Amino acid sequence: MAPRIPPSQHQVVPAQELYAPSPLFTWAELQSMAADGVLTPLYDKSFTLPGLVVTPRLRARAAALVVPDRIRRKVIAGRMTAAWIYGCADAPEKLSLLVDAKHRISSVRSARGCILHEVRLGQLDVVSIGGLLVTSPLRTAVDVALHVEADRALPALRMLLSQEELGVRLRLVTLAVEASARVPHKKAALRKLAALALTADPPPAGAFQPKEAA
């Protein structure tokens, strides 16, 4: 006789990539389905189907749900948040969001689960992924080198360099950091990049599996 399946596992889940609290499923229902193994936590209150390949677009969509509508078009996911979106770092506790100096942070009210940084961005520094603005792979690598402590920056940088489709090259990152004028931590960033140049070949693409936040 076949074992009886708990009623919660009989709930029909429509086939889609991303699940978040909505009129279809409440937060409590999503948590219950995740506990039963019907869904897998992705980020914050977002879930996906078990076994689904988590892509940068899917991570960006999950991150976008945390950013309030009123500021979504004014901010850019950057630093370790962008590294996570590209699959090169673990999910961040809080989203690192960049605000172009022309908007100024004072014009963008703070948001729960987000940290805002006022920066200057060029036209080639930003791409759109899954409905969210994200720093380009090269700009992400430069920012990680400049603004993230070495124990977290070096693994993320190795992974950014190892993903051939991202087109990040150590020499380009080094030149970009060297060309940065009047930025803090520039010497420390160059030391990180020099350390990368001395290490063995980076791990093969796909070797890192970022942990998605519950």
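**View 1. Val183 lies in the loop that joins α6 to α7.** The model shown here and in the other views is a predicted one.

**View 2. Two residues in the loop between α6 and α7, Arg182 and His185, have positive phi values.** Most residues other than glycine have a negative phi. Arg182, which is not a glycine, has a positive phi of about 50 degrees. For His185, also a residue other than glycine, phi is near 65 degrees. The relative accessible area of Arg182 is 84%, so Arg182 is classed as exposed, the class for values over 50%.

**View 3. Helices α6 and α7 pack with their axes 10 Å apart.** Two packed helices are described by the angle between their axes and the distance between the axes. Helix α6 covers residues 170-179 and helix α7 covers residues 186-198. The angle between them is about 165 degrees. Angles over 145 degrees count as roughly antiparallel, and α6 and α7 are therefore roughly antiparallel to each other. Their crossing is left-handed. On the α6 side, the contact is made by Leu170, Val173, Thr174, Val177 and Glu178. Helix α7 contributes Lys186, Ala189, Leu190, Leu193, Leu196 and Ala197. By class, the residues of this contact comprise 8 nonpolar, 1 polar and 2 charged.

**View 4. Helices α4 and α5 pack with their axes 9 Å apart.** Helix α4 spans residues 137-147, and helix α5 spans residues 150-162. The packing angle of α4 and α5 is about 160 degrees, so the two helices are roughly antiparallel to each other. The crossing of α4 and α5 is left-handed. From α4, the residues in contact are Thr140, Ala141, Val144 and Ala145. From α5, they are Ala153, Ala156, Leu157 and Leu160. This contact of α4 with α5 has 7 nonpolar residues, 1 polar residue and no charged residues.

**View 5. Ser136 sits in the loop between β7 and α4.** Strand β7 covers residues 132-135, and α4 covers residues 137-147. Ser136 has a relative accessibility of 8%. Ser136 therefore counts as buried, since the cut-off for that class is under 20%. Leaving aside residues up to four places away in sequence, Ser136 touches Tyr86, Leu124, Asp125, Val126 and Val127.

**View 6. Cys88 and Cys114 are both buried.** Cys88 has a relative accessibility of 1%, and Cys114 has one of 11%. Each value is under 20%, and so each residue is classed as buried. How many disulfides does a search of the whole structure find? The search finds 0.

Technical notes. Residues numbered from 1 in each chain as written. Predicted model: local features only at pLDDT ≥ 70, side-chain atom pairs only at ≥ 80, totals over all residues. Heavy atoms only, no water. Disulfide = S-S within 2.5 Å. Buried < 20%, exposed > 50% of the residue type's maximum accessible area, 1.4 Å probe, protein only. Helix = DSSP H or I, 4+ residues; strand = E, 2+ residues; numbered from the N terminus. Contact = heavy atoms within 4.5 Å. Axes fitted to C-alpha atoms, helices over the stretch in contact; angles between N-to-C directions. Parallel < 35°, antiparallel > 145°, perpendicular 65-115°, else oblique. Left-handed = near helix turned anticlockwise from the far one by under 90°. Nonpolar A, V, L, I, M, F, W, Y, C, P; charged D, E, K, R; others polar.
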